[in-house]
Amino acid sequence: MPTNFTVVPVEARVDGSGDEAAERSEEPGSPESVDPACPTSGDGNPRENSPFINNVEVERESYFEGKNMALFEEEMDSNPMVSSLLNKLANYTNLSQGVVEHEEDEDSRRREIKAPRMGTFIGVYLPCLQNILGVILFLRLTWIVGAAGVLESFLIVAMCCTCTMLTAISMSAIATNGVVPAGGSYYMISRSLGPEFGGAVGLCFYLGTTFAGAMYILGTIEIFLTYISPSAAIFQAESADGEAAALLNNMRVYGSCALALMAVVVFVGVKYVNKLALVFLACVVLSIMAIYAGVIKTAFAPPDIPVCLLGNRTLAKRSFETCAKTQVVSNGTVTTALWRLFCNGSGLSATCDEYFVQNNVTEIQGIPGVASGVFLDNLWSTYSDKGAFVEKKGVSSVPVFEESRPGALPYVLTDIMTYFTMLVGIYFPSVTGIMAGSNRSGDLKDAQKSIPTGTILAIVTTSFIYLSCIVLFGACIEGVVLRDKFGEALQGNLVIGMLAWPSPWVIVIGSFFSTCGAGLQSLTGAPRLLQAIARDGIIPFLQVFGHGKANGEPTWALLLTALICETGILIASLDSVAPILSMFFLMCYMFVNLACAVQTLLRTPNWRPRFKFYHWTLSFLGMSLCLALMFICSWYYALFAMLIAGCIYKYIEYRGAEKEWGDGIRGLSLNAARYALLRVEHGPPHTKNWRPQVLVMLNLDSEQCVKHPRLLSFTSQLKAGKGLTIVGSVLEGTYLDKHVEAQRAEENIRSLMSAEKTKGFCQLVVSSNLRDGASHLIQSAGLGGMKHNTVLMGWPESWKQADNPFSWKNFVDTVRDTTAAHQALLVAKNIDLFPQNQERFSDGNIDVWWIVHDGGMLMLLPFLLRQHKVWRKCRMRIFTVAQVDDNSIQMKKDLQMFLYHLRISAEVEVVEMVENDISAFTYEKTLMMEQRSQMLKQMQLSKNEREREAQLIHDRNTASHTTAAARTQAPPTPDKVQMTWTKEKLIAEKHRNKDTSASGFKDLFSLKPDQSNVRRMHTAVKLNGVVLNKSQDAQLVLLNMPGPPKNRQGDENYMEFLEVLTEGLNRVLLVRGGGREVITIYS
């Protein structure tokens, strides 16, 4: 049956108007029920202002008033209403490049005027197209086809395009896994793989983009100096041999000037670069259309482009016009300009080059056309060494053995050695640029839809263009012309330009502007990428590059980019710069694939990409292909790039800021840790693998600060970052009351661990008493096989103080707990005298007093300590104690042999303890100890008795009142005891207590010491004397720690024995084994 009811707020308001609020809430129609200060919607309920955490408390009263969710109102400021949260998320907008996290800068974004959002075609497809098609297509693709042949060129392009396609699939999956903020590829990789990988790959991507800028500038200058204005060269070659060097010097000068000019343009106004982008793209598209038009034209009307051959060697047609040795002029035979190049005179009787004499000059068509059948000739590769002749296959020639130097003759020679892997390195930059769309993610209307579609379409389009160009170049152009890199046989014209229609200048001008534009785009993009990395704060020394002009332009980053770009320009050779940027881009793509594979295999709950056409095998294949291509291109460049990335990774790991981005590598670490923990769960480790996994027990003061920080210093010296370290502490109280103090204490401990370079985990327990808390830590710290096997704690210095009666009880019980748990125990006495991590002992000894064997801990600990810089120069000495009937000489030999087998170098000494009578001092010491113990008990007993007496009187009083109330109208009985204190009674009670205590203290002075205690004290005194004699000046003394008595009555005596045993020593480490062997002589 439906019931109408109203929920009212549980807590009354501070002003006492709770009842009024309740009354108002019972009348839903009353106007008073709505607070006028709150904006209302149609349901009459005030809306929440901010659904996120940490709301302002000012509006709290009006905020909750009239709610029908009063049950949740106490948590409403941390757990917002779902309706308001959804409303907030629906209005979510992108932020600038990974600089600030999602919830910051809300107000500034609201004030921003929204720019018109771009779709898939304008925002992703065209930028990718512009970045992928570029300098290599125009300047090197014909040469690659000529050298590698159509089949191998097809293989090169197919490999590179497959690599970028697989990377694009992985990138699409990452890009569609949630809202992609502006910043694209760097943001995606760093948030998927963590700050270490993110920083390393981000910098690789930055260096790749910067060197790409250098490559584009070099391409621009090459087009200018070779094909547009060769006369503009500053350096002229004196001989044919010096032409290459002169060209490189010209490239350096003009390249540096072009870089300076472009940097100024980018600095002055990046908006002009963006406006010109469409012009540059139009140049690229027109050039490609001109190539296809030229190919179609060759099918029915091939261009007349003659190429001159001498025998089977191609001649550079720069210094002559007529391709013949002689020509008939006015019925007479005269020599040509070609004759004069090969002979020492213009007469027919002049001495000529032998090869010139023996072979004929022929002329062939450079571009015979699609229908000519030249495709079959160009099918196979023609690799050659540096300085080799460009020769036509299938043409006969007469070889000459003794030949003059070919450098001075007009032959077309190869300028570098060609082979398959080198061509892969030169070609790969032409398929980079697939990230251009994702880099603009902040400007896209729907990034999750546009990035995959636009990028994959652009790769399909460009792959088709490249593959079709390879086939068409092989089908249209003569092989010797293809291998002529700078078009020398075509009178210095661009090969691909001669193929194009309507004019070669379409390609020359188009390629010039497109490479120029690509260089500007690189100089615009790279500084912003560096600025984003710097502002993320993961690489401290880069933070200066996060600053810029008032409008956010990255000035310092642009300066660094220009300097790095200049190093690429000083290399000057396009063929040398291309493999460098191939490395950086391949490494970036490899990590994109790795990120996708890791996320897919981990199946993290947040991995839900909208793009469904991905699989971890594709990502893994892409990653493997990237790695293979790196080593195919250049194994030494690959190793160098990996070394740079590795150094950046380790630097960020060591010095970088801690960032938690929910990345896949953390997830991978968790999975690996879980797998490893399950593996080590089975049984204890072998003796060879045993190392102290330490639980450090810290004491805290009233401010939750660590009392003895040197314990952590000692831990880091003992562990040196290896194995497990758990730093534990106990707070007294209940968790509900103490959780804030617990958090503060944990933060203090973590900061101290960081300062002391102690790598480990912090575990803090809040318990009703310190004793139970310590016991819980010893039992439950750690997880699975990763549990501690050793407990390190400080000696309770205040155990003798009357105001701290429980410290020694807790200590002894903790010793018993570790024994029961079969854990080793290390107790550091005078811990505040132990060295800090910055100190260095230049000399001294670590003395080990091996009294009883308890697993070899005493041998292992000094060895581990001496691995650390603090103790490295200390010598290790081992003392053992011989009784009267022991052969001390044989003991020393056996101990030396044992240490030899353990591979531990130490001095050995056997100390003889002569059996003598127990001294009066020992008796006195024991007697004082027992008297003190008895007195403590007496005081405790008398206190307990007084408390019990008071409680008894209170109980009787209560009982009498209850009985009197129960009896109505009954006369009081005369024999009833009146429980009231009179003056006489009080004095009598005091005297009785005095007599009791006085008799107790009389008993104390008539005590005779217990014989077992006397014997123990004798051992402690004797041993202390021997240790003091030998080791008073030692930097550290390690001693066997005797176990506590089985009878708990003698606990305080046990503390006295330990105190006597270590008296007079500076730094002492009491060691108690865990009941198993921890060191072995076997390999």
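Is glutamine 521 buried or exposed?

Reply: Glutamine 521 counts as buried, because its relative accessibility is 16%. Buried means under 20% relative accessible area, exposed means over 50%, and partly exposed lies in between, with a 1.4 Å probe and protein chains only.

Some ground rules come next. This is a predicted model, in which local features need pLDDT of at least 70 and side-chain atom pairs count only at pLDDT 80 or more, while totals for chains, interfaces and linings use all residues. Residues are numbered from 1 along each chain as its sequence is written, and side-chain values use heavy atoms, with hydrogens and water left out.

Back to glutamine 521. Its place is in helix α18. Helices (H or I, at least four residues) and strands (E, at least two) are DSSP runs, numbered from the N terminus. Glutamine 521 touches Gln130 and Ala277, leaving aside residues up to four places away in sequence. Contact here means heavy atoms within 4.5 Å.

Proline 502 sits in the loop between α17 (495-499) and α18 (504-536). A cis peptide bond joins tryptophan 501 to proline 502, with omega at about 10°.

Next, the nonpolar interior. A nonpolar core is a set of buried Ala, Val, Leu, Ile, Met, Phe, Trp, Tyr and Cys residues joined through side-chain atoms within 4.5 Å. The largest one has 168 residues. Met215, Tyr427, Phe428, Tyr466, Phe473 and Ile477 have the most contacts inside it. Helix α8 (residues 184-228) gives this core its largest share, 23 residues. Tyrosine 427 touches Ile136, Leu141, Ile144, Ile156, Val157, Cys160 and Tyr466, again not counting residues up to four places away in sequence.

Two strands pair if DSSP finds at least two bridges between them. Five bridges join β1 to β5 (residues 361-365), and the two run antiparallel. In that pairing, leucine 309 stands opposite threonine 362. β1 also pairs with β2 (residues 313-314), in the antiparallel sense, over two bridges. Here leucine 310 stands opposite arginine 313. β1 and β2 form a hairpin with two residues between the strands, and glycine 311 takes a positive phi near 70° in it.

Lysine 757 lies between α25 (735-755) and β8. Its phi is near 60°, though lysine 757 is not a glycine. Lysine 757 is exposed, at a relative accessible area of 60%. Histidine 822 lies between α27 (807-820) and β10 (824-829). Its phi is about 55°, also positive without being a glycine. Histidine 822 counts as exposed, at 61% relative accessibility.

α29 (residues 888-902) has 15 residues and reaches 21 Å from first C-alpha to last, close to the 21 Å expected. That expected span is 1.5 Å times one less than the number of residues. Ser888, Leu895, Leu899 and Leu902 are buried in α29. They cover an arc of only 60° around the axis, which puts them on the same side of α29. The arc is that of the directions from the helix axis to the C-beta atoms. On the other side, Ile889, Lys893 and Tyr900 are exposed. Cover for the buried residues of α29 includes β11 (845-850), α28 (857-865), β12 (875-882) and β13.

In α33 (residues 1051-1061), eleven of its eleven residues are buried. Those residues include Asp1051, Tyr1054, Phe1057 and Leu1061.
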